[in-house]
Amino acid sequence: MAEHRTGDPRLVFAAELTRLRRRLPDVSDETLARRASAVVLPSGRRFAVNARRLGEWTSGQSVPRQFEAVMALVRAIEEATGGATADRTTVARWQGLWRAAREFRSSLSATGLPEQTAVQPDRRRGPIIIGRPPSDAAALRRRDEFAERIDEYLADDSVRGVLLTGAGGVGKSQLAAAAFHRAKRRTDLLLWAPADNRASLLDGYARAWRALSRASVTRDGAHPAADPGSDDETQSDLFLAWLRSTGTSWLVVLDDVDDIAEVAGLWPVGEAGRTVVTTRRRDATLLRPGVRVIPVGVFTAEEATEYLTDRLSLDPDPAAGPHGLPEHRPEDLATLAAVLGRFPLALSQAAAFLIDSGMDLPSYLGLLTDERESLAGLFPSSSPADEHGGTVTSTLQLALRRAESLAPPGTARAMLELISVRAGRPR
């Protein structure tokens, strides 16, 4: 059909409306609808705007019946953001977009074609899955207590999101990935989105909108929605608007939120879905109504020892090759876990170092207690273990930079230097 080459006017209208809506990211649809309903139009009239309809307009599911509703919304947003009142050029532009969308909708109705652009997944084909969670860690610990709390919150109707917070490398992403996979049985759309910067998050949302459009189904079968624009911003806006208005169940995982400003205006919101966020932060911006916080810490002593036992349990037979390692004494494993503070990333990379080097555990413990040995010499130069992007060294450097940003200049580093001097001395 021609509209697939030139763009569906309904989606073009929805994209522009959504772009305008993004100027008030922290205002709910209900509040915005009330503000729009209170706007006095040039005719002297007010026009009631319904919050549910607002979500349908911005997601491309429907087009306002009357142009007054559009202008009431435009004026409400302009007034709230301090913009200039819509002039004749602006009014004419919006009227052109709205009229094209209405006429296109009417033409489909006249020909008997489906009126609604395909923006609903086909549940018969299973969930739509976008993004790649990290693979399961080697010798993965289930950490059932965390898994049960996450699932309990995600099943609670009063909960909108789960915040997994803790130091880098404690296993937040692994817990989120496990929850992501468990949710496939009960969720229609799942998105795993790296959120360490705005560009990657926009890319994830845009990919989700394109996947949703391709997988959608109407009364006549598969019918991909027309592309309203090629830029990630527009498609991200449409996806977020769809989340707000859809009745389709969804789960969005925002992995590794570091800078809160990078996510401004991009938080997933919608009654049908849930959000899981992994982050080192605990800012007030993250602690919203409906969000449950789960602090993630280091392994328990039992988990840490079991992890090392499983990870280092390679075939001790010399025929196994250069990586065949002798069995390790339980007391040595417990000592290593304690020396490394039961920190999952440190345990993972220490195990990788032992496997790759073939070093026996007593010798490695000796290096750990040798004050002349640098941190970089005790762990891999890269991070081959469990797909974690950084090493223990880089994780500590990140923590130091964060501490320096919160404390007076120079004090965090000076304190660490003092601790390092005192740590090696007998008490």
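The dialogue below walks through how to read several features of this predicted model.

Visitor: What share of the residues is buried, and what share of the contacts joins residues at least 24 apart?

Guide: Buried means under 20% relative accessible area, exposed means over 50%, and partly exposed lies in between (1.4 Å probe, protein chains only). Buried residues make up 46% of the 427 residues in the protein. With contact defined as heavy atoms within 4.5 Å, 74% of the contacts between residues at least 6 apart in sequence join residues at least 24 apart.

Visitor: Where do the buried residues of α12 fall, seen down its axis?

Guide: An α-helix has 3.6 residues a turn, so residues three or four places apart point the same way. In helix α12 (residues 330-339), the buried residues are Asp332, Leu333, Leu336 and Ala337. Seen down the axis of α12, these buried residues fall within an arc of 140°, so they line one face of the helix; the arc is that of the directions from the helix axis to the C-beta atoms. Pro330 and Ala338, on the other side of α12, are exposed. The cover over the buried residues of α12 includes α11 (301-311), α13 (344-357) and α14 (361-369), and just after α12, glycine 341 takes a positive phi of about 70°.

Visitor: Which residues of α14 are buried, and what do they pack against?

Guide: Leu361, Tyr364, Leu365 and Leu368 are buried in α14. They cover an arc of only 100° around the axis, which puts them on the same side of α14. The buried residues of α14 pack against α12 and α13.

Visitor: At what angle do α7 and α8 pack, and which residues make the contact?

Guide: Axes are lines fitted to C-alpha atoms, for helices over the stretch in contact, and angles run from 0 to 180 degrees between N-to-C directions. Angles under 35 degrees count as roughly parallel, over 145 as roughly antiparallel, 65 to 115 as roughly perpendicular and the rest as oblique. Helix α7 (residues 144-154) and helix α8 (residues 172-182) pack at about 50°, with their axes 10 Å apart, which makes α7 oblique to α8. Phe146, Ala147, Ile150 and Asp151 of α7 make the contact with Leu175, Ala179 and Arg182 of α8. Arginine 182 counts as buried because its relative accessibility is 19%, and, not counting residues up to four places away in sequence, arginine 182 touches Ala147 and Asp151.

Visitor: How does α3 lie relative to α5?

Guide: Helix α3 (residues 29-38) packs with helix α5 (residues 67-81) at an angle of about 105°, their axes 8 Å apart, and that makes α3 roughly perpendicular to α5. Leu32, Arg35 and Ala36 in α3 meet Ala72, Leu73, Ala76, Ile77 and Ala80 in α5.

Visitor: Where is aspartate 188 placed?

Guide: Aspartate 188 is in the loop between α8 and β3 (189-194), and it counts as buried at 15% relative accessibility. Aspartate 188 and serine 249 are 61 residues apart in sequence and 5.3 Å apart in space, C-alpha to C-alpha.

Notes. Residues are numbered from 1 along each chain as its sequence is written. This is a predicted model: local features need pLDDT of at least 70, side-chain atom pairs count only at pLDDT 80 or more; totals for chains, interfaces and linings use all residues. Side-chain values use heavy atoms; hydrogens and water are left out. Helices (H or I, at least four residues) and strands (E, at least two) are DSSP runs, numbered from the N terminus.
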